[in-house]
Structure formats: C-alpha cells, structure tokens
Amino acid sequence: MVGNRELALDVVPETLRPGALDLPVRWAHVSELQDPAPYLVGGELILTAGVNLPERIDRYVRGLRDAGVTALGFGLTPSVHETLPEPLRRACARHGLPLLVVPARTPFLAVNRAVSVALTEAGQRDQRRITAARETLTRAAGGGLGELTSALAGQLRSWVALVGAGDVLASAHDAPAPLPLPVRDLMATVRAGSGIRSATTEVDGGFVVVQPVYPQATASHLVVVGRSRRLEGADRAILAVGAALLGLVGRAGSDAAELGAAATGLLLGRTSPGEVARALVGSEAVRLVAGAAYRRGPDEVAQRPDWLRARLDTPLVSVRPGRFAAIAGSAPPLAVLEDLRAHGWLAAVGAPAPAGRLSEGEVDLLLARAQALGRPVVAGDSPLDFDALVDPGASRGFASKALEPLVSLDQAGDRSLVLTLRTWLAHHGGWEPTAAELGVHRNSVRHRIAQVEKALGVDLADPEVRMRLWFALRWAEPG
C-alpha cells in the first residue's frame, strides 16, 4: 500500500512503531463517525476526511488503537482540511497508531480497490503455499514420523515436537528438551478438552501452539510448534495437514507412504474417503459422511473446509463443487446435521465399520435418500435398521450378483443405469424428481428404467423387488 505510486500515500514517520508497516490490513473502511471503534473488528485501514473530527482527538485515536485498527488514512481535501491537523499528528504519534496522508488527487475508492486486490493476491499466495506444503508433507510421510516432523518444521519455519503420553516421539529444528513448564501446562489443558482444538501461549518472547494429532483428535499424542511470531491462517492450515498426517502415519506403521498419499489426496480433493480409510490399517470403527448442496446450496462460510472440519470434528474432509465427503470417528449429532442443512448442506452418515471396510456405495445411497426426504439421514439410528444382522461378506456378494448386469452395461456404454435406478428408487419411482436430479428428460428416465427391468429380468412395480434392489445398491462395493 505505502509503496503504491499510483496512490501516493505519505507516511507520517513519527507515528510508526517497529514493524508497523508489516501489519496486516484486513479491509479498508471509510468512516466519518466521531467514534467508529464500536463498529470495527480489528485489522482495518480507516479512511476519513475529518468531516466530523471530534474535539477530543486523543480519545478518538486511542479508541481506534484499542479497537485493533492497523492504520488511519487521512484524506486531504480543499473543502474540509487542506493540511494534516497537528493535534491528529501528535495523538497518533503518542498512541503509536500509524498515520497515512491521502492526497486530494487519490479517491478513497482507489485505496479500497488497492486493498481488495492486495488481499486477493495474498489469498492466492497462501493457497499456493498450502498446496505446495501438502505435497511436501505427503512425500515426507513415507519416511515415517521423524522425516514428517522435520518437513513440518521446515514448512512452518519453526521447531516441532511430537509428544506421546509422556515422551517426545520425534522433534526437529532444535525443539527444547525438556519442554518448558508453560508448554507442559498448556499440553495438560489441551488434553483435558475434547474435539478438534488448539491452544497458544507466549514463551520467552515467542509463541507456542499445541494441538492433538488426528484422526479423532486423540489427546494422547500432541504436536507442539514454536517460533518467534504467531501462526497466521496459512500456517494453521499447514499445521492441520501435518497433524492429520502425524496421527495417521503413527497408526499406519509400514503403510505410511500409502496412507500419506491417500490422506493428502483427500485433503486436496483428489482421492475418495474410501481410499484413505483402506489405508488406515488396524483402525477402530469410523463412519463415512457425505453431503450435497441443498436448495440454494452452501453459503460462503459453509464451503470452507475448515468450517466443515470444525463442525464434523475431523480433519479428513474433502470439498468439491456441490459435494463434500469426510471420515469421522462418530456420527455427528443431529443438531450439527441440522446446522449443516441451515447453511446449505444436506448430509448422510454411513454405518460404523472398520476403516478398511467402509462402503462408499452405502453412503451414496443414503445421500440419495436424504435428498429425496429433504432431511439428514444417519445409518443405524432407527429400530428398523438391521445392518448389524447381515454378514458384510454375504451382503456384498448378494449386491455384486444382483447388480452385475447393470454394471456391465454401464461399463460398456456409459448408460448410467445404476445411478438412474438409485435416484429413481430414492424418489419412490417419481419420474419428474428423478429427471430433475439427473438433469435429463423424464422420457429418458422411463427409457433407462425399462432397460433396467429388461437387463435384470424384474418388474419394478413389485415393492419386494424394489426393496431387494435398494439394499443391493446400499451394500454394493464402490464402482
């Protein structure tokens, strides 16, 4: 901003404290209020022409500083102030609030636009950095905990320690040994909590962050990060990936390379939850969660992976346009699923199963049912649910045999017969809603259903046949 020649902003030197020009600006806001502080969230560049500059200028500046304002931009204009008011200069110098002088030829709109462009570019840089870090951490995961810890420390430019129940399992970049008492106290606080969480403290002029490794935010293993400056948004995103991989690699043993690639692929949206689950050797039962855009679709905040990870209490979340998928340790509470729906996501939760035996076909079918009903669906939450009574091997065998003719036709000619049957059954045989969801004409749906009946040799008017095919679709292996 200050170096932008087109804006020609002048910095009042005596108002600058050390590091002031490096402070982040989250937005530029024009305000002529005598006390704008109550309406600010911090990090703003406040722009004013001094139209209502209060007499108690010291109180005005102190209020802006206490509200967390990054800087004050004062616009010169012949009709209001041709020169910078001296009391404002002195007050900003006294309270350490950076003061910028905006010349008369520079409209506030130009400053707003420059800030918006800078924020967009910064966001893109952060995304590129996060993506590159994920790839680096993925490769490091194949070398085990030590190599992964070292890679994470390199990406964060910090020291890192992975701490077990009582011992440091791995460390890098001169992590202190033993860990300072304030850090150990912070670790005890984190272990006493629940869910995905983290905590920060200041130690010897630096900052230390403690958070559990994943999956399922187990408090027995913590990752501790320390450096001279606070972790920003991109740093925390990289730490989340590192924590996920540290937890997964620690549990995967010799399959760490496969797991690292699968887990990071999920975080990047390149692999399915099932691929990650199959790499979780020896894991306890987990659930697949899937979501689809509902009504107007997810709002801006609900499209962020971090928002979904916090709601679902798992870092293993992949978000794509109109869809998300996740691996969770337990079924999210109904209140959480309703909150997702309120924000534009309709979710379905599969039955608990060992990670390597999770069925993507089941959760896809449950999601189709949720879309037809217009409400979240959770497997195993009904007294009519009898999945526990059916042998998994027998059910998959039944599904494979029952659907094989349709799968063969789909593979030969991409006719989408399995998808059409699943959608049609979810909508109770409704032609119009099935056509609307598939994006085809209802006559196309009728034609495909006729092909299904011919291929399987069944009459879909028979409710017994529909029931059997519904469970075949539910138990089918993912294609």
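I started at Asn112, which sits in helix α3 (residues 108-141). Helices here are DSSP runs of H or I with at least four residues, strands are E runs of at least two, and both are numbered from the N terminus. The model is predicted, so I noted its limits: local features need pLDDT of at least 70, side-chain atom pairs count only at pLDDT 80 or more, and totals for chains, interfaces and linings use all residues. Numbering runs from 1 along each chain as its sequence is written, and side-chain values use heavy atoms, with hydrogens and water left out.

**Asn112**

I checked its cover. Asn112 has a relative accessible area of 19%, so I logged Asn112 as buried. The cut-offs are under 20% for buried, over 50% for exposed and partly exposed in between, with a 1.4 Å probe and protein chains only. I then listed contacts, meaning heavy atoms within 4.5 Å. Beyond four places in sequence, Asn112 touches Ala28, His29, Val30 and Leu47.

**Ala153**

Next I went to helix α4 (residues 145-156), which holds Ala153. Ala153 is buried because its relative accessibility is 0%. Setting aside neighbours within four places, I found Ser158, Val160, Ala172 and His173 in contact with Ala153. I also took a C-alpha to C-alpha distance: Ala153 and Gly242 are 9.5 Å apart in space and 89 residues apart in sequence.

**Backbone checks**

The Ala177 to Pro178 peptide bond is cis, with omega near -5°. I placed Pro178 in the loop between β7 (168-172) and α5 (181-191).

Asp204 is not a glycine, yet its phi is positive at about 55°. The loop between β8 (199-203) and β9 (206-213) contains Asp204. Asp204 counts as exposed because its relative accessibility is 81%.

His428, also a residue other than glycine, has a positive phi near 55°. I found His428 in the loop between α13 (417-426) and α14. With a relative accessible area of 63%, His428 is exposed.

**Helices α14 and α15**

From there I moved on to the helix pair. How do the axes of α14 and α15 cross? Helix α14 (residues 431-438) and helix α15 (residues 442-456) have axes that come within 8 Å and cross at roughly 100°. The two helices are therefore roughly perpendicular to each other. On the α14 side, the contact is made by Trp431, Glu432, Thr434, Ala435 and Leu438. On the α15 side, Arg442, Val445, Arg446, Arg448 and Ile449 take part. I sorted the residues of this contact into five nonpolar, one polar and four charged.

For the record, axes are lines fitted to C-alpha atoms, for helices over the stretch in contact, and angles run from 0 to 180 degrees between N-to-C directions. Roughly perpendicular covers 65 to 115 degrees. Nonpolar covers Ala, Val, Leu, Ile, Met, Phe, Trp, Tyr, Cys and Pro; charged covers Asp, Glu, Lys and Arg; the others, Gly among them, are polar.

**Whole chain**

The protein chain has 16 helices and 16 strands. Of its 479 residues, 47% are buried. Of contacts between residues at least 6 apart in sequence, 64% join residues at least 24 apart.

Last, I read the confidence. The chain averages a pLDDT of 83, and 85% of the residues score at least 70; pLDDT is the predictor's confidence in each residue, from 0 to 100. Over residues 253-257 pLDDT stays under 50, and the model has six contacts beyond four places in sequence for them. Where pLDDT is low, the predicted coordinates should not be read in detail.

How values were computed:
Angles under 35 degrees count as roughly parallel, over 145 as roughly antiparallel, 65 to 115 as roughly perpendicular and the rest as oblique.
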